[in-house]
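Here are a few notes from my look through this one. Have the structure open while you go through them.

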Amino acid sequence: MTQGGRIEGRLIVDSPAPGDWNMAVDQALLEEVDGGGPATLRFYAWDEPTLSLGYFQRAEARSEHRESGSAALVRRATGGGAILHDVELTYSLCVPIRDRASAEVRTVYDSMHRSITAALADFGVRVQRFADSAAPLPEGPPGGAEPFLCFQRRTDEDLILAGYKIAGSAQRRAAAAVLQHGSVLLSASRLAPQLPGIRQLSSANLAFDALASRIAHHAGQELSAVWNALPLSARARDRAAEIVAERFAADSWNLRR
Amino acid sequence: MKPEELLYAESHEWVHVAEEEGQKVATVGISAFAVEQLNDLVYMDLPEAGKKVSSGEEFGEVESVKAVSPLYSPVDGEIVAVNSELPDHLERLGEDPYGSGWVIKVRLDDDAALGKLMDHAAYQKQCAAEG
């Protein structure tokens with residue numbers, strides 16, 4: 001559906017929830033959009049500190065970050081490194097695509113990160129893409145391996161504040177839709193004290209709802225979308241409950257590698 | 001194998017069909033265009049031989065630049081061989097996508113799915129429209 005040349009999308013702002021539920025809702029939304037549903041932007045938080053592993057990471061690599069050893073664990077369906085989700089704003093964006101190998105899929109990173117950059121600027125917080133910043137590449141493990149934590153890795157699109165990464169995103173592509181989710185680090189977690197958040201790096205103490213609202217505003221402009229604020233549909237909720245049981249609450253998924 | 005002699009799925013897998021011991025076996029790989037577009041592949045998950053696959057069904061996954069993408073089977077049949085060295089040598093996908101970068105071999109149940117595949121010229125048009 002379009003309205004004045006802009007697509008009509010769904011906007012979902014969720015209450016804090018467990019990691020398996022959060023990941024299952026994103027998967028249910030990806031399936032809906034892959035099946036022809038409207039573009040969906042969702043904001044959410046976590047009801048307890050949770051370590052999410054990137055899809056291809058080994059569960060045993062958790063021992064590389066002892067501070068988060070007590071955190072709940074979930075494996076994401078998206079790539080990249082592990083994230084300790086605590087005082088953060090998490091988003092997911094599911095949009096239809098023509099082809100998972102087309103260049104347009106990669107532009108979704110840029111669109112969302114431009115939206116986050118503009119939203120943070122609304123609160124006086126100036127961030128830069130890593131590729132445009134003078135921030136050095138953090139030192140990784142010996143042998144050239146990627147660091148375990150996503151926020152210690154760098155890609156061009158990552159958002160940098162005072163030399164530190166404060167936002168990053170990852171994708172899962174399906175045949176006709178892409179799920180991109182990402183984290184904005186509002187404040188450091190006691191379970192990942194080496195990763196400062198926006199609160200430590202600036203004087204800003206950002207509220208989740210206010211930041212989500214500004215990101216949605218800018219994402220609407222970036223994606224030419226009009227957002228209709230809606231709760232999760234009963235059908236998506238039922239599907240998410242199935243996905244929790246068969247995947248994100250199961251050791252066969254979380255400990256599969 | 002020459003790219004001009006292969007068949008292609010919309011989802012960018014290539015197919016080469018040969019007769020082996022009286023049965024049709026399809027070698028399946030990922031096109032050079034898709035490898036280039038997916039950009040900087042870092043991980044790959046492949047199935048075990050013996051698995052049945054249907055056309056359009058996921059049979060493996062790759063990760064590139066934090067994006068996980070499925071691989072879709074372009075044919076119906078049973079996987080009879082897997083290029084198990086490939087996940088540790090992903091550079092072969094870029095260097096030799098139609099040779100040592102092959103991914104799986106599938107013993108075909110029938111030819112039905114082959115009719116939905118494109119020849120090289122048609123596939124080139126699809127890529128040009130997406131590039």
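Is the crossing of H1(A) and H5(A) left-handed or right-handed?

1. Right-handed, for H1(A) over H5(A). Bear in mind that this is a predicted model. The two helices in question are H1, residues 19-34 of chain A, and H5, residues 234-248 of chain A. Their axes come within 8 Å and cross at roughly 120 degrees.

2. Now for who touches whom. On the H1(A) side the contact is made by Asp20(A), Trp21(A), Met23(A), Ala24(A), Val25(A), Gln27(A), Ala28(A), Leu29(A), Glu31(A) and Glu32(A). H5(A) answers with Ala236(A), Arg239(A), Ala240(A), Ile243(A), Val244(A), Arg247(A) and Phe248(A). Sorted by class, this helix contact holds eleven nonpolar residues, one polar and five charged.

3. On to the chain A and chain B interface. Here 18 residues of chain A are in contact with 13 residues of chain B. Strand S10 of chain A, residues 164-173, gives the most to chain A's side, with four residues. By class, that side of chain A has seven nonpolar, six polar and five charged residues.

4. With strand S7 of chain B (residues 67-72), S10(A) pairs in the parallel sense, over two bridges. Which residue of S7(B) is the bridge partner of Gln171(A)? Ala67(B) is.

Notes:
Residues are numbered from 1 along each chain as its sequence is written. Chains are lettered from A and ligands numbered from 1 in the order in which they are written. This is a predicted model: local features need pLDDT of at least 70, side-chain atom pairs count only at pLDDT 80 or more; totals for chains, interfaces and linings use all residues. Axes are lines fitted to C-alpha atoms, for helices over the stretch in contact, and angles run from 0 to 180 degrees between N-to-C directions. A crossing is left-handed if the near helix is turned anticlockwise from the far one by less than a right angle, and right-handed if clockwise. Two residues are in contact if their C-beta atoms, placed from the backbone, lie within 7 Å. Ala, Val, Leu, Ile, Met, Phe, Trp, Tyr, Cys and Pro count as nonpolar, Asp, Glu, Lys and Arg as charged, and the others, Gly among them, as polar. Two strands pair if DSSP finds at least two bridges between them.
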